Amino acid sequence: MKKIRLFLALAKWRRQKYQPPVPYEVKLKTLEAFNLPEATWVETGTFHGATTLFLSKMAKQVYTIEASEELYDKAQEKLKDCPKIVSIFGRSQEKIPEIIPNISGNVNFWLDAHYCGPKTYAQDDCCPLELELKFILKELPRLNRVNIMIDDIRDFSAKRIDYPDKTEVIRLARSHITDWEIINDILILKK
């Protein structure tokens, strides 16, 4: 059944000339391709926990943050038996500053806490990306290698007043990071 779903998702993506939205499996392969060795992962937006479990298979440790109480509670059941995963309930822009001081070495950030549907967390600050990124960039000097991956980069445009424009995100990051690219609807910033 998984192979059929993947085949259909890839066929649909091909019909849309490989434009976003990107099939979930392709996003996972992108995360795998940019995984740093012996790294800790920090994920914002746990959602149902499927990506969290995937990351735990290649990570030293995974910290995942979810602000929706309903989604957090549901994901806990799926994630409870994995000792590499630390699940945190709360807003990512408040929890990242608590997590990063306890992390060293190589770190991958998967920033996906932005609003993506009616069951996801959203308040006045439905896109915490700028605050997340500012804190991460401040902590960069004390970390080894860092990859910051921002999902759904197509949504970060001047057309969406609730999201920062991607050019602003890149400008903010360039003050600390010079290597960046967009692959499969993911902005990848590398230190």
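1. Trp41 stands opposite Val62 in strand 2, and strand 2 (residues 61-66) pairs with strand 1 in the parallel sense over 5 bridges. Strands here are DSSP runs (E, at least two residues), helices likewise (H or I, at least four), numbered from the N terminus, and two strands pair if DSSP finds at least two bridges between them.

2. This is a predicted model, in which local features need pLDDT of at least 70 and side-chain atom pairs count only at pLDDT 80 or more, while totals for chains, interfaces and linings use all residues. Residues are numbered from 1 along each chain as its sequence is written, and side-chain values use heavy atoms, with hydrogens and water left out.

3. Strand 1 (residues 40-44) is mostly covered, as 5 of its 5 residues are buried (under 20% relative accessible area; exposed is over 50%, partly exposed in between, with a 1.4 Å probe and protein chains only). Thr40, Val42 and Thr44 point one way from strand 1, and Trp41 and Glu43 the other way.

4. Strand 1 also pairs with strand 4 (residues 107-111) in the parallel sense over 5 bridges, with Thr40 opposite Val107.

5. The search of the whole structure finds 3 aromatic pairs (ring centres of Phe, Tyr and Trp, the last by its six-membered ring, within 6.5 Å; planes under 30 degrees apart are stacked, over 60 edge-to-face, the rest tilted). Among them, Trp13 and Tyr18 have ring centres 5.1 Å apart and planes at 85°, so the pair is edge-to-face; Trp13 is buried at 10% relative accessibility, whereas Tyr18 is partly exposed at 48%.
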